[in-house]
Amino acid sequence: MFRVDAHFDLLCFVYEKRAKGETRVIEKYFYDNWIKNNFNIIVSSIFIDSIFIPEMALRNALDQISCLYEEIAETPEKIMLCKNYIDIEKAEKENKIGILMSLEGSEPIGNDPFLLRTFYELGVRFIGLAWNRRTYCADGIPVCKNLNKQYGLTDLGIDLLSKAKELGMIVDVSHLTDQGFEDVMTFYDMPVIASHSNCRTLTDHLRNLTDVQMKKIAQRGGVVGINSFSLFLNKEPLKACISDMAEHMSHMRSIMGTDHIGLGFDFCSHIRSSLYESEEKDKFDAMNGYDEFWILDKELSKKGFSEDERERVYSKNFLRLYSQILQ
Ligand SMILES: [Zn+2]
């Protein structure tokens, strides 16, 4: 079975390791684990750490892309870049890991809309206009403070939506404020994704989606990926566990139906251990990596998700949307 993780902070990790002289990083740290657990399509964010903001954001994003190209050149039999649905089918047929690239926050674009096409030409196919920080395009929810900013998209952010549509990129609303979400719905008429967001009704965090927002995403034919980050799963994050993920997915199903649910785990312990050595790494991910996927599968089965429904959630829903937009 073919599975999709719609949000993984892969390339910032690869960049850090390669900057220290390592090579074949994806093969060494992730490949076996993906193969073993049947995760064949990975959407890698291009996430810019705050130390690079603002001047180095563009350069760091380009470095991350360059690192992926280097990794593919080193292990072409194992990984490939997917720019469209034909590439995704090719990855499946050739039993390779297909990697898609997503800009998580528009900091690398700054206030220069021409750069969107540059990133598109390099293979980036998803754009989230903001991460936890305000950009020239949009406000983002600061995760730890959980503050609802009043601002949504700027003029530039709205212009980028049209540009993204024209190019054939997928817009990701995870991290946007409620006003930002509304602005996307007003100024953009394509299906949208929330690649890594959970349910606000169950865990009252602004990074999570309200039932109304989820309904709007479903009406557009979009997909919401379940996030394994403990803060978005349980009021008491230290108690967050995989059954909370199944609970959130069950709620998503009651609001949107099965066809609009996917996986966007946002695993971050690999980054925490690499970039922030002093942090306790285990408290962030409720699910301890792809190796615990079988537990989620079991929990969903207990919640009454049939095998067919689970297959849709694990791959088909996101793939349906990719096949519509990524030509
Ligand atoms: Zn994120």
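Two residues are taken to be in contact if their C-beta atoms, placed from the backbone, lie within 7 Å. Helices (H or I, at least four residues) and strands (E, at least two) are DSSP runs, numbered from the N terminus. The model is predicted: local features need pLDDT of at least 70, side-chain atom pairs count only at pLDDT 80 or more, and totals for chains, interfaces and linings use all residues. Residues are numbered from 1 along each chain as its sequence is written.

Helix H7 spans residues 178-187, and Gly180, Phe181, Asp183 and Val184 are buried in it (20 or more other C-beta atoms within 10 Å of the residue's own; exposed means 12 or fewer, and partly exposed in between, with C-beta atoms placed from the backbone). Viewed down the axis of H7, the buried residues fall within an arc of 160°, so they line one face of the helix; the arc is that of the directions from the helix axis to the C-beta atoms. An α-helix has 3.6 residues a turn, so residues three or four places apart point the same way. The cover over the buried residues of H7 includes helix H6 (155-167), strand S6 (170-172) and helix H8 (211-219).

H6 also packs with helix H5 (residues 114-122), at an angle of about 30° and with the axes 10 Å apart. This makes H5 roughly parallel to H6 (angles under 35 degrees; over 145 is roughly antiparallel, 65 to 115 roughly perpendicular and the rest oblique). Axes are lines fitted to C-alpha atoms, for helices over the stretch in contact, and angles run from 0 to 180 degrees between N-to-C directions. The crossing of H5 and H6 is right-handed, that is, the near helix is turned clockwise from the far one by less than a right angle. Leu116, Arg117 and Tyr120 of H5 meet Leu160, Lys163, Ala164 and Leu167 of H6.

In the loop between helix H2 (25-36) and strand S2 lies asparagine 38, a residue other than glycine with a positive phi, near 60°. Asparagine 38 has 13 C-beta neighbours inside 10 Å and therefore counts as partly exposed. Asparagine 95, in the loop between helix H4 (85-93) and strand S4 (97-104), likewise has a positive phi, of about 55°, without being a glycine. Asparagine 95 is exposed, with 10 other C-beta atoms within 10 Å. A cis peptide bond, with omega about 0°, joins isoleucine 53 and proline 54; proline 54 is in the loop between S2 (39-47) and helix H3 (57-74).
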